[in-house]
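Please open the structure in your viewer and keep the selection panel at hand. The tour goes from one selection to the next.

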Amino acid sequence: MATATEQWVLVEMVQALYEAPAYHLILEGILILWIIRLLFSKTYKLQERSDLTVKEKEELIEEWQPEPLVPPVPKDHPALNYNIVSGPPSHKIVVNGKECINFASFNFLGLLDNPRVKAAALASLKKYGVGTCGPRGFYGTFDVHLDLEDRLAKFMKTEEAIIYSYGFATIASAIPAYSKRGDIVFVDRAACFAIQKGLQASRSDIKLFKHNDMADLERLLKEQEIEDQKNPRKARVTRRFIVVEGLYMNTGTICPLPELVKLKYKYKARIFLEESLSFGVLGEHGRGVTEHYGINIDDIDLISANMENALASIGGFCCGRSFVIDHQRLSGQGYCFSASLPPLLAAAAIEALNIMEENPGIFAVLKEKCRQIHKALQGISGLKVVGESLSPAFHLQLEESTGSREQDVRLLQEIVDQCMNRSIALTQARYLEKEEKCLPPPRVVSGLETSRFIWECRLEAAEELEKRVLRPGAKSGRLQESPPGSLNALLAWSAR
Amino acid sequence: MRPGPGGCCCRRTVRANGCVANGEVRNGYVRTSAAAAAAASQIHHVTQNGGLYKRPFNEAFEETPMLVAVLTYVGYGVLTLFGYLRDFLRHWRIEKCHHATEREEQKKKKKKKKKKETKKKKKKKREMDFVSLYQDFENFYTRNLYMRIRDNWNRPICSVPGARVDIMERQSYDYNWSFKYTGNIIKGVINMGSYNYLGFARNTGSCQEAAAKILEEYGVGVCSTRQEIGNLDKHEELEELVARFLGVEAAMAYGMGFATNSMNIPALVGKGCLILSDELNHASLVLGARLSGATIRIFKHNNMQSLEKLLKDAIVYGQPRTRRPWKKILILVEGIYSMEGSIVRLPEVIALKKKYKAYLYLDEAHSIGALGPTGRGVVDYFGLDPEDVDVMMGTFTKSFGASGGYIGGKKELIDYLRTHSHSAVYATSLSPPVVEQIITSMKCIMGQDGTSLGKECVQQLAENTRYFRRRLKEMGFIIYGNEDSPVVPLMLYMPAKIGAFGREMLKRNIGVVVVGFPATPIIESRARFCLSAAHTKEILDTALKEIDEVGDLLQLKYSRHRLVPLLDRPFDETTYEETED
């Protein structure tokens, strides 16, 4: 029935088509075409083509004025004029023509002017010359390098060590060798600049935790764990690292390694430990923070340190298990693409290691001295010592900030200058203020050395420093009335 | 094809027809006569700026013969297949695993291993394990390809890296996974690998004496940074000298060449700035550019059209998305490219930089000392004004036989770097004896030591370069780069030949550097010779004779246009081969 009706309609339509007058059909045809055109054409006009003409381009090029390559540096920039040290930077140092007692270098073990170290370096110089003229891969590997790596690995009781020709480049190359884009790095807020640069080069996700705050770290790790459970497939390929310093360059505090190791196994994150300040300082044999806490060194995935502080040479090294360290021989940029360490510097480092191994007593001496000085520096009006008592780098910081960093820096600089006048060389810790992730407050850093010969004079100097400089009130009597931390008093004093 | 007077040419000859069998030239190739080559050559970026050059600029990158390219790919294919096969065998413990393994406690646990279940029992829930430190494919290449020929790298030496060097013999009993030192020393190996361009790597002579004196006086370390208390009078002396050497207002020295780039570029440019970088720039420049946070665009190697297009587009279109104009544009180039042996087209770069108001950062790591009539680098080579280069960077590792790097330029630039360079604030300064080595060697090059030794070294190097390159080309090797560049890459192409060449040369008492992927494009594996002023004619001739022999043995003479030996040399049948038109 239905089909019959449909057929009928169809027939009707065809008939109507035949019967319709021509003008009607033409009109409808035009209408249909019109609709099609409307459907397919855009109702608005595209913007006029915006291609620039050659002339316009030339005008633009003519017009463009770049910023100067570098902004002008004000003549009174605190960092523009360096102190000039004439002669060796050993315990007596001539700064800007004035002889001072050196409290500013990180020559903790007094190895810088050790005759044995010098003799070893000299022998190497006579055998190999100065430079290596090539990266490690291309005839830049000397037998001394292999020896040094071997010795460092043995000293640290790890499987393997790898040396870099520059301290800064060590951790900055090691981090990006492992941590890639998409990996997660948990890092202490106070981490030093080299770590920051390494992290930046790795392009990983960076999670900062509060300085030495394990609860905060655990919170972040937990957050990450929850995140991981949402996307387990991604979590299976996302490496997690915790990057910490043994003894913080910026604060002088020690990292709570035992807790970190616990967190490592709980949350399966690998630990990279930067030990530039703690290597050759902490622990019974100077093996650093792992020895200090008595932690199995294999629990730390990678330890990096430079040889520029306690070892008083140049360069840096990483040590750990071969499984981890060997990877850097092809992936550590600062290792592969840079000329190797001059052999004389490697020889000096070997000799310095010998001395450290032969006299394990020096570490106890250093610690004792640190403790004494730390105590002696307590309670200075206006200044406070931050950091651990066994850190050989002392950080003196204003008790109360004047409110502006610039003012603080100036004030501290005046203190440093005054000390210099009294033959005590100190230095302000320098930072690139705009570049630092979490800028530490301005402070004076002082390195301590343990050489036996000069210890007496050193302690004297420290007392001197304490008496004459940092506690001016004790002598003048004028400042005693003023409350501790009175900046005006300090200012008044330092202006004298 | 003869470059016009003062003009330059750079060409890649294309194949007309015919084939190459095992690197030997058969008939059917275009001979490099002037007319034929001009007709059949694909002229690559011949510049219109011939007038800018004061000397002919001959740089050649002969095209890879098709068959060689195919065979190379096949070679890598076979290696990869075998790699997978061996990985499979290792996985099932059929083949012994030699490589270091993850600590048991941190291993990704597999369900099959029963013994570890006990450890896991403590944790009821199946927890996440340590994510493996390396991705599998990341190490595939190292494990299966690099490991086969690992003995060609990191060869330990135990003498001065001079013209001849003593190499410690080592042997591997586990297919290069580990090396044992036999205790023997291979004495007097001709050193074609070290960057000892001017021959200052010496353990005798004035440089060594001066360095020894300073070493005894100062010790080796500094234990502080430049800005704190590590700025010695020696450093100031060095910087003053470097500035004079370069002919710039001021200079600053740093402890490591690599770090000079990677720590100073971020001080110069930042967000909103544009870096135009040559595609073959060194890793340190790439890292510095990345760390700076600026936008990076890459132009084709030494290709001025490509650079100009990028410059034009950058200024006309500004920053992407925001459409703000760029704050500044910095062009990063190297003087000599260490893998290609090419010299930067500096006159053109400077012309472009001036036209578009960009800044120029010139890395002279390999060219300082090694180029130019007075050894002042690529600026001297082209007879240009150092004022035109905004940032003159270089290293002391190579020509000066020391270590470290410098940056030279206007006073304002150096003042800024003194206050803002990452290196000055956070890194230990240069070791005093190293500084002294640089000072004495630089004075020697400048002729300030009262001898003409430095000048002779520079000339000797230039002569050695021309001679060595010409002879190799005559032998029929494909040699890349500029005819004046002391870095001489000889193309090997096939992966198996990388190892074979290195070993055969060492067997003949010559130490060479061989490089393959990833340092070069995958098919362009090469050997690299670095010439030195310390190489005598005899040493070079010995080396050439052996290279010729090994070249025949390994069939490395791929070149399809043969140079006719110059008439001033005795006719030598090994280097002369007539090719038919």
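Predicted model: local features only at pLDDT ≥ 70, side-chain atom pairs only at ≥ 80, totals over all residues.

Residues are numbered from 1 along each chain as its sequence is written, chains are lettered from A and ligands numbered from 1 in the order in which they are written, and side-chain values use heavy atoms, with hydrogens and water left out.

**Sheet, chain A.** Seven of them make an open sheet with mixed pairing, in the order 4-10-9-8-7-5-6. Strand 4 (160–164) and strand 6 (205–209) of chain A are the edges; each has a single partner strand, so one side of each has no neighbour in the sheet. On average, neighbouring strands of this sheet are turned by 20° against each other, direction ignored. Now select residues 184–188 and 240–245 of chain A: strands 5 and 7 pair in the parallel sense over four bridges (pairing takes at least two DSSP bridges). Val185(A) has Phe241(A) in strand 7 as its bridge partner.

**Largest cavity.** A cavity is a set of points on a 1 Å grid over the protein atoms alone where a 1.4 Å probe fits but cannot get out; a pocket is an open set with protein on both sides within 12 Å along at least five of seven lines; lining residues have an atom within 4 Å of a point. The largest cavity holds about 430 Å³. Helix 7 of chain A gives the most to its lining, three residues.

**Second largest pocket.** Move to His77(A), Leu432(A), Glu433(A), Lys434(A) and His420(B), which lie nearest the centre of this pocket, lined by 45 residues. Its volume is about 1,200 Å³. Helix 18 of chain A supplies the largest share of the lining, five residues.

**Helix 16, chain B.** Select residues 495–507 of chain B. At 1.5 Å a residue, these 13 residues should span 18 Å, and the end C-alpha atoms are 19 Å apart, which agrees. Asn509(B), which follows the helix, has a positive phi, near 65°.

Methods
Helix = DSSP H or I, 4+ residues; strand = E, 2+ residues; numbered from the N terminus. Expected span 1.5 Å × (residues − 1). Points joined across faces, edges and corners; volume = space filled by probe spheres on them. Axes fitted to C-alpha atoms, helices over the stretch in contact; angles between N-to-C directions.
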